[in-house]
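Subject: Structure handover

Hello,

Here is the structure I promised to pass on. Please open it first, then read my notes beside it.

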Amino acid sequence: MARMIPCALPAEVTSSAEWRLFEALRDGLDRSWTVLHSFPWLDDSGRTLREGECDFLLIHPERGLLAIEAKSGEIRYDGPSRTWMRSGTGVVIKDPFRQAAASVHYLNELIGRRVAQWRRLEPPFGHAVAFPEAD
């Protein structure tokens, strides 16, 4: 079982995708993994303040970082307009791949600035999107 932070999801989490993924990560990974849920970040290194939130940040001492954005329900991508939306309603959502990529790039850079060994080790990092309810 992976180490989960927090160890249980708060009751106010309404995303069924996050509930499913939390349980799958907790039960499917071993203790060498640490999984942070709903990890907020704030980047003040540039001219403008950037903020984000990583649905799941997986950390492993040898395998590095993986940021995962979880999306509930049926999601559709319209290639010509490069738009992500909820199927049925057509409500436009943020690009989940860009969200996950922004999180992992920033957090990898932040850790590298604050943890000397991180830069020397150069562990891999990546991002992914989970659609646990999609067909």
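Start with asparagine 108, which sits in helix H2. A caution before going on: this is a predicted model.

Is asparagine 108 buried or exposed? Its relative accessibility is 11%. Buried means under 20%, so asparagine 108 counts as buried. Which residues does asparagine 108 touch, leaving aside neighbours within four places in sequence? The contacts are Leu65, Trp118 and Phe125. Isoleucine 75 is another matter. Asparagine 108 and isoleucine 75 are 33 residues apart along the chain, and their C-alpha atoms are 28 Å apart.

The five-stranded sheet

An open sheet has 5 strands in the order S1-S2-S3-S4-S8, and its pairing is mixed. At the edges are strand S1 (3–5) and strand S8 (125–130), and each pairs on one side only. On average, neighbouring strands of this sheet are turned by 35 degrees against each other, direction ignored.

Strand S3 covers residues 50–60 and strand S4 covers residues 64–70. The two run antiparallel and are joined by 5 bridges. Leucine 58 has leucine 66 in S4 as its bridge partner.

Now the helices. Helix H2 (residues 96–114) packs on the sheet. It touches S2, S3, S4 and S8, and its direction makes about 150 degrees with that of S8. Helix H1 (residues 16–28) lies across S1, strand S2 (34–43), S3, S4 and S8. H1 runs at about 30 degrees to S3.

Proline 40

Find proline 40 in strand S2. Is proline 40 buried or exposed? Its relative accessibility is 57%. Exposed means over 50%, so proline 40 counts as exposed. Leaving aside neighbours within four places in sequence, proline 40 is in contact with Gly52 and Glu53. Arginine 50 is 10 residues from proline 40 along the chain, with 11 Å between their C-alpha atoms.

The largest pocket

How much space lies in the largest pocket? The figure is about 160 Å³. Its lining is made of Trp41, Arg50, Glu51, Gly52, Glu53, Lys94, Gln99, Ala102 and Ser103. By type, that lining has 2 nonpolar, 3 polar and 4 charged residues. Which element gives the most to the lining? S3 does, with 4 residues. S3 and H2 each supply at least two.

The three-stranded sheet

There is also an open sheet of 3 strands, in the order S5-S6-S7, with antiparallel pairing. S5 and strand S7 (92–93) stand at its edges. Each has a single partner strand, so one side of each has no neighbour in the sheet.

Strand S5 (residues 75–78) and strand S6 (residues 83–86) are joined by 4 bridges. Their hairpin has 4 residues between the strands. In that hairpin, arginine 82 takes a positive phi near 55 degrees.

Best wishes

Conventions:
Residues numbered from 1 in each chain as written. Predicted model: local features only at pLDDT ≥ 70, side-chain atom pairs only at ≥ 80, totals over all residues. Heavy atoms only, no water. Pairing = 2+ DSSP bridges. Axes fitted to C-alpha atoms, helices over the stretch in contact; angles between N-to-C directions. Contact = heavy atoms within 4.5 Å. 1 Å grid on protein atoms, 1.4 Å probe; cavity = no way out; pocket = protein on both sides within 12 Å on 5 of 7 lines; lining within 4 Å. Points joined across faces, edges and corners; volume = space filled by probe spheres on them. Nonpolar A, V, L, I, M, F, W, Y, C, P; charged D, E, K, R; others polar. Buried < 20%, exposed > 50% of the residue type's maximum accessible area, 1.4 Å probe, protein only.
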